[in-house]
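Thanks for making time this morning, everyone. I'd like to walk you through a model on the screen, one piece at a time. Have a look first, and then we'll talk.

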Amino acid sequence: MTSSPEPKRARTDGPSAPYLLHYWPTIPGRGEPIRLCFEATSTPYTDVTNTDPDPGMKTLLSLTSSSGDVPPPNIPHFAPPILQHGDLYISQLPNILLYLGPKLGLVPANDENALYRINQLALTALDGLSNEAHDTHHPIAVGDYYEDQKDAAIKRGKDYTRNRLPKFLGYFENVLRQNKGSKYLYGKQLSYADLVLFQGLDGVSFAFPNAVRKLREGGEYKEVWGLYERVRGLERVKAYLGSERRLGYSNGVWRHYEELDED
């Protein structure tokens, strides 16, 4: 009996292939951790819809259309962000980070289990500081307007700032304290989990400024906010944050509604 052929991987044309990010224009959203990975490592990339909006949006809508075609052996995409690297097209933010981390030096090369531990940290940060933050302003139906679910949003927002957000901050505070002798979440170097946590902290600081100010002033999460300031001060990250490439917050994942914040 002949053996089955090994599955073929999509050709990526090697490390010199350009990186293209397909995401909604004008907002940071779930595309922002990907941008931070590129910016922190000085990796050239094209933010397609923000570089060339009209054709960029046509491409994005084609890639996410229920009837859209994608070059085989790639598979259809439900939603952005989508990363294009040579012939490879992949979506889902955690999946993209898992792919980029080792390629951009954001995972230690000499630790065979580092990728999975770093991914655990990134997934936790995305759960608590991105997904749950988003659900405060759309707690019932994503397709409905905020105003149509405002009462439920107020209740969800108060629970988030008083219970859920402190719980996630406490988790990362413990992670940082246990990683003794390091300035980062895992090992001795910057990883993509640090960048994901930074972006989540920055997003909730915009969405819930009063609540975050009280949490910072309380002094219970010094390690977490120390990491935030450390990442923000990295030369490449600092340059990016001060550039036009860094998009402002608006109607994306992190939104500020005064009634959802603490007094």
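Let's start with helix H5, residues 114-137. Helices here (H or I, at least four residues) and strands (E, at least two) are DSSP runs, numbered from the N terminus. Buried means under 20% relative accessible area, exposed means over 50%, and partly exposed is in between, with a 1.4 Å probe and protein chains only.

Before I go on, a word on what you are looking at: this is a predicted model, where local features need pLDDT of at least 70 and side-chain atom pairs count only at pLDDT 80 or more, while totals for chains, interfaces and linings use all residues. Residues are numbered from 1 along each chain as its sequence is written, and side-chain values use heavy atoms, with hydrogens and water left out.

Staying in helix H5, please find histidine 137. Is histidine 137 buried or exposed? Histidine 137 is buried, with a relative accessible area of 1%. Contact means heavy atoms within 4.5 Å, and, not counting residues up to four places away in sequence, histidine 137 touches Tyr146, Gln149, Ala153, Gly252, Val253, Arg255, Tyr257 and Leu260. Asparagine 119 is 18 residues from histidine 137 in sequence, and their C-alpha atoms are 27 Å apart in space.

Now for the interior. A nonpolar core is a set of buried Ala, Val, Leu, Ile, Met, Phe, Trp, Tyr and Cys residues joined through side-chain atoms within 4.5 Å. The largest one has 67 residues, and Leu100, Leu185, Tyr192 and Val204 have the most contacts inside it. Take valine 204: leaving aside neighbours within four places in sequence, its contacts are Leu129, Ala133, Tyr160, Leu165, Pro209, Val212 and Trp254. Apart from that core lies another, of 5 residues, including Leu60, Leu63, Ile82 and Tyr89.

Two of those names take us to helix H3, where Gly56, Leu60, Leu63 and Thr64 are buried. Why do we say that the buried residues of H3 line one face of the helix? Seen down the axis, they fall within an arc of 85°, so they line one face; the arc is that of the directions from the helix axis to the C-beta atoms. As background, an α-helix has 3.6 residues a turn, so residues three or four places apart point the same way. On the other side of H3, Asp54 and Lys58 are exposed. The cover over the buried residues of H3 includes E1, helix H2 (48-51), E3 and E4.

The peptide bond from proline 72 to proline 73 is cis, with omega near 10°. The bond from proline 80 to proline 81 is cis, with omega near 10°, and proline 81 is in the loop between H3 and E3.

There are some backbone angles to show you, too. Threonine 26 has a positive phi of about 75° although it is not a glycine. Threonine 26 is in the loop between strand E1 (19-22) and helix H1 (32-40), and at 52% relative accessibility it counts as exposed. Glutamine 92 is not a glycine and has a positive phi of about 75°; look for glutamine 92 between strand E4 (88-91) and helix H4 (93-103).

Last, the rings. Rings of Phe, Tyr and Trp (its six-membered ring) pair if their centres lie within 6.5 Å; planes under 30 degrees apart count as stacked, over 60 as edge-to-face and the rest as tilted. That rule gives 9 aromatic pairs. Tyrosine 171 and phenylalanine 172 are edge-to-face, 5.0 Å centre to centre with 75° between the planes. Tyrosine 171 is partly exposed at 29%, whereas phenylalanine 172 is buried at 1%. Phenylalanine 206 and tyrosine 249 are stacked, at 4.9 Å and 20°. Finally, ring pairs link Tyr19, Phe38 and Tyr45 into a cluster.

Conventions:
The expected span of a helix is 1.5 Å times one less than its number of residues.
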